[in-house]
Amino acid sequence: MEPDPRFTLANERTFLTWLSTALALSAGGVAMAAVPEGVFVPWVRSALAIVLVTLSALAAGMAYPRWRNIQRALRDKAPLPPPKLAAIFGYGVAAVAVIALVLIVLSI
């Protein structure tokens, strides 16, 4: 049975949001890697960039499977699957932000 088109379109918007999030995380990682050497300790800058780009790859890689699983649940009128990686993204981005904030404050 076809689900209500509004739910299908909402699921599609969520899929596109995951891709937008992946692009933003990737851009943040590239920007972190491009920070001048005198601003942050080089290995910390690289570590933060790696974390951001890894989160980007996870977001992009999980976007379609999540869309597919939700679409299947909508068609079967089953419970929606929980977002398995939500905590990783939340804590990962928060950790990068806190570390960057500490480094910025220490460089003032």
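Sorted by class, the residues in the contact of H1 with H2 are 21 nonpolar, seven polar and three charged. What I am showing is a predicted model, in which local features need pLDDT of at least 70 and side-chain atom pairs count only at pLDDT 80 or more, while totals for chains, interfaces and linings use all residues. Residues are numbered from 1 along each chain as its sequence is written, and side-chain values use heavy atoms, with hydrogens and water left out.

A word on terms: helices are DSSP runs of H or I with at least four residues, numbered from the N terminus, and their axes are lines fitted to C-alpha atoms over the stretch in contact, with angles running from 0 to 180 degrees between N-to-C directions.

Now to individual residues. Asn11 lies in helix H1 and, at 5% relative accessibility, counts as buried, meaning under 20% relative accessible area with a 1.4 Å probe and protein chains only. A polar atom of the Asn11 side chain lies 3.1 Å from the backbone oxygen of Trp67. If we leave aside neighbours within four places in sequence, Asn11 is in contact, that is, has heavy atoms within 4.5 Å, with Trp67, Ile70 and Gln71.

Ser56, which is found in helix H2, is likewise buried, with a relative accessible area of 9%. Its side chain has a polar atom 2.7 Å from the backbone oxygen of Ala22, and, with neighbours within four places in sequence again set aside, Ser56 is in contact with Ala22, Leu25 and Ser26.

Leu52, also in H2, is buried at a relative accessible area of 8%. The C-alpha atoms of Leu52 and Ser26 are separated by 6.3 Å, although these residues are 26 apart along the chain. Beyond its neighbours within four places in sequence, Leu52 is in contact with Leu25, Gly28, Gly29, Met32 and Val96.

H2, residues 42–76, and H3, residues 86–107, pack at an angle of about 160° with their axes 10 Å apart, and that makes H2 roughly antiparallel to H3. On the H2 side, Val44, Leu48, Val51, Leu52, Leu55, Leu58 and Ala59 take part, and they meet Ile88, Phe89, Gly92, Val93, Val96, Ile99, Ala100 and Leu103 in H3. The residues of this contact divide into 14 nonpolar, one polar and no charged, where Ala, Val, Leu, Ile, Met, Phe, Trp, Tyr, Cys and Pro count as nonpolar, Asp, Glu, Lys and Arg as charged, and the others, Gly among them, as polar.

Elsewhere in H3 we find Val102, which at 44% relative accessibility counts as partly exposed, the class between under 20% and over 50%. The C-alpha atoms of Val102 and Ala49, 53 residues apart along the chain, are separated by 16 Å.

Finally, what is the phi of Lys77? Lys77, placed in the loop between H2 and H3, has a positive phi of about 55° although it is not a glycine. As background, most residues other than glycine have a negative phi. At 64% relative accessibility, Lys77 counts as exposed, the class over 50%.

Definitions and conventions: Helices (H or I, at least four residues) and strands (E, at least two) are DSSP runs, numbered from the N terminus. Angles under 35 degrees count as roughly parallel, over 145 as roughly antiparallel, 65 to 115 as roughly perpendicular and the rest as oblique. A polar contact is a pair of N or O atoms within 3.5 Å; within protein, one must be able to donate a hydrogen and the other to accept it, and residues adjacent in sequence count only if both atoms are side-chain atoms.
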